[in-house]
Amino acid sequence: MRILPLLCALLLLMLQGAAGLSLARGLPQDCERRGGFCSHGSCPPGIGRVGICSEQDFCCRRRWYP
């Protein structure tokens, strides 16, 4: 019975983290302001998704590696 509260807390933390992973929806102009570009279907290799331009277009931007 002691594990049930731990499982509930872990589930809550996982759900909170997943909420921050959603892609921002916006216009192509919003994507360009963020330094990205709209790509149909998927982003090229080495480029990450940072948002959604439309139903079929993703906002893509080069990944930052410090």
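In strand 4, F58 is the bridge partner of I52. Strands here, like helices, are DSSP runs numbered from the N terminus (H or I with at least four residues for helices, E with at least two for strands). The model is predicted, so that local features need pLDDT of at least 70 and side-chain atom pairs count only at pLDDT 80 or more, while totals for chains, interfaces and linings use all residues. Residues are numbered from 1 along each chain as its sequence is written, and side-chain values use heavy atoms, with hydrogens and water left out.

Strand 3 (residues 47–52) runs antiparallel to strand 4, and five bridges join them; two strands pair if DSSP finds at least two bridges between them. Within strand 4, D57 is the bridge partner of H40.

Strand 2 (residues 37–40) contains S39. This residue is buried, because its relative accessible area is 12% (buried means under 20%, exposed over 50%, partly exposed in between, with a 1.4 Å probe and protein chains only). Leaving aside neighbours within four places in sequence, S39 is in contact (heavy atoms within 4.5 Å) with P44, Q56, D57, F58 and C60.

An unreviewed UniProt entry carries the annotation "domain: Beta-defensin-like" for residues 28–61; UniProt positions are given in the numbering used here, feature names are shortened, and annotations may be inferred rather than shown by experiment. The span of residues 28–61 is 18% helix and 44% strand, and its end C-alpha atoms lie 13 Å apart.
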